[in-house]
There are 2 protein chains.
Amino acid sequence: MVRNMPFCKVDIRKIVGNNIRGFRHKKDYTQEKLSELAGIHINYVSSVERGERNVGILNIAKIAKALKIPPHVLLMPESYDRE
Amino acid sequence: MVRNMPFCKVDIRKIVGNNIRGFRHKKDYTQEKLSELAGIHINYVSSVERGERNVGILNIAKIAKALKIPPHVLLMPESYDRE
């Protein structure tokens, strides 16, 4: 089954972390700015970007709102590079 | 800002719960079957479907894999109804 599902091979925490960093850079936001907008502690944002966190969907929604993108986009592999 | 972002008005826990239930029904899986395939306790699956859980992305990935869909699809409003 896994052979037909390449989207499952990469750790989703890394996908989400890379996307958040990518979209944040596109907006020229610092981690501090993003954490302020999302209402999430900067240390948490930092560890999420490093792919170290099993982020809950409520925080996914908060971060996506701060980045002005729909939440699901953060789970798509390298979505920040597609726009 | 919220006015321009209709995707933010609905609780993401409800979106995810409805999608999981919708895709599960499409596959004719019981909650028990889904919980077995995903390796997640049936009580947890049940509460996720009711929109009561702040599900972590690792469990989103497990459930999506069990339903044979990419993880991000579970965060798109009513995606189970689009296919």
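How many residues does the largest nonpolar core have, and which residues have the most contacts inside it? The core has 42 residues, and A:Val16 and B:Val16 are those with the most contacts inside it; a nonpolar core here is a set of buried Ala, Val, Leu, Ile, Met, Phe, Trp, Tyr and Cys residues joined through C-beta atoms within 7 Å. A residue is buried if 20 or more other C-beta atoms, placed from the backbone, lie within 10 Å of its own.

This is a predicted model, in which local features need pLDDT of at least 70 and side-chain atom pairs count only at pLDDT 80 or more, while totals for chains, interfaces and linings use all residues. Residues are numbered from 1 along each chain as its sequence is written, and chains are lettered from A and ligands numbered from 1 in the order in which they are written.

Each helix in the table, in chain A and in chain B, supplies at least two residues of this core; helices are DSSP runs of H or I with at least four residues, numbered from the N terminus.

| Helix | Residues in chain A | Residues in chain B |
|---|---|---|
| Helix 1 | 12-26 | 12-26 |
| Helix 2 | 31-38 | 31-38 |
| Helix 3 | 42-49 | 42-49 |
| Helix 4 | 57-67 | 57-67 |

Leaving aside neighbours within four places in sequence, B:Val16 is in contact (C-beta atoms, placed from the backbone, within 7 Å) with A:Ile57, B:Val48, B:Val55, B:Leu74 and B:Leu75.

A rotation of 180° with 0.0 Å of shift along its axis superposes chain B on chain A with an RMSD of 0.0 Å, which is the relation of a two-fold axis; the superposition is by least squares on the C-alpha atoms of residues with pLDDT of at least 70 in both copies. Of the residues of chain B, B:Gly56 comes closest to that axis, its C-alpha lying at 2.0 Å.

Technical notes: Buried ≥ 20, exposed ≤ 12 C-beta atoms within 10 Å, placed from the backbone. Contact = placed C-beta atoms within 7 Å.
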